[in-house]
Amino acid sequence: MTDLYAVIGNPISHSKSPLIHKGFAEATGQDLDYIAIEGPFGRFAETVDAWRDKGLRGLNITVPFKMDAYRYATRRDAAAREAGAVNCLTFDGAEAEGANYDGIGLARDIEANLATPVAGRTVLVLGTGGATRGALGPLLARGPARLTVAFRTPGKEAELRALFPEARALDFLAYADLGGEAYDLVLNATSATLSGEAPPVPLKAFARGALAYDLAYGKGLTPFLRLARAAGVTRCVDGVGMLVEQAAEAFARWRGVRPETKTMIEKITVPLV
Ligand code: ATR
């Protein structure tokens, strides 16, 4: 029987995960099927249980179920615990192993695909939500000279600070206090795009030759990326590489082979206009 995998979210029709995983399967000669499941709000566990009964082997989790998946897991890897969220479940009998590959996918995309080292560089991460929480561990592990998190609502940074008590490179600034330093990498991990806005980051926060990275994908030139362009940044990218890299991690966990990612990234990249 062909092994079945899926992504669950709500909404889910826009998801590129089935295309990516089927492409990986074809490229690596793996016999599997991968479907998209629209999860009903508030009924994550029942929905997943029902699909497991039908033989589901593994599941990717997207908005808004990553915290439900964290609770659902019977075991969690270090990245999942740090992120407080699970984006990949692997089923093994009664066990549901939870992992989080978002942060590692982001770090791999920046370093391997975009050839931008994090070690010794200055990094500015905008926002204090789940996306930031998942990204901090993998970014800090690469040894940036400084990693500043910009927050809009005072108090929200305290929980993040408590997660990384040993990280001397990590600091937190209100948007109004940015501008004293120019950063080599500026990452938009806010949901500002959803309301058609850019986070209020000053133009001088972008260093000469900076990389501007929007963690969202498929939204074209977002207000944040427009702002970066206005600051003179020429290297503007969205999160399509992060999406493909986290998928490759899940695929490797499930199938024991790591697919090549460059071809897939090229295939689904939409020009930023
Ligand atoms: P996610 O899980 O995708 O990270 P989230 O937990 O809702 O989403 O977090 C979104 C982040 O974007 C928050 O830090 C939010 O700021 P608040 O904590 O003040 O709500 C931030 N954000 C959303 N819109 C923003 C905007 N227009 N400017 C700056 N930050 C914004």
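The chain splits into domain 1 (3–100) and domain 2 (103–240), with bounds that come from an automatic or database domain assignment. This is a predicted model, so to speak: local features need pLDDT of at least 70, side-chain atom pairs count only at pLDDT 80 or more, and totals for chains, interfaces and linings use all residues. Residues are numbered from 1 along each chain as its sequence is written, and side-chain values use heavy atoms, with hydrogens and water left out.

The C-alpha centres of domain 1 and domain 2 sit 27 Å apart. Each side puts 8 residues into the contact, where contact means heavy atoms within 4.5 Å. About 530 Å² is buried between domain 1 and domain 2, with carbon and sulfur atoms giving 50% of that; buried area here is the accessible area (1.4 Å probe) that two parts lose on being put together, summed over both. On the domain 1 side, Glu 82, Ala 83 and Asn 100 do much of the work, supplying 72% of the area that domain 1 buries against domain 2, more than any other three residues.

As for polar links, 2 residue pairs are in polar contact between domain 1 and domain 2, both at pLDDT 80 or more. A polar contact is a pair of N or O atoms within 3.5 Å; within protein, one must be able to donate a hydrogen and the other to accept it, and residues adjacent in sequence count only if both atoms are side-chain atoms. Salt bridges across this interface number 0, taking a side-chain nitrogen of Lys or Arg within 4 Å of a carboxyl oxygen of Asp or Glu as the rule.

The structure as a whole holds 15 salt bridges. One of them joins the side chains of Glu 95 and Arg 75 (3.5 Å, N to O). These two partners are 20 residues apart, with Glu 95 in strand S6 (residues 95–99) and Arg 75 in strand S4 (residues 75–76). Helices (H or I, at least four residues) and strands (E, at least two) are DSSP runs, numbered from the N terminus.

Turning to the records, an unreviewed UniProt entry puts a "binding site" at Leu 215 and Gly 239; such annotations may be inferred rather than shown by experiment. The two positions are spread over 25 residues of sequence, yet they cluster in space, with a largest C-alpha distance of 4.3 Å. Leu 215 lies in the loop between strand S11 (206–214) and helix H8 (223–230).
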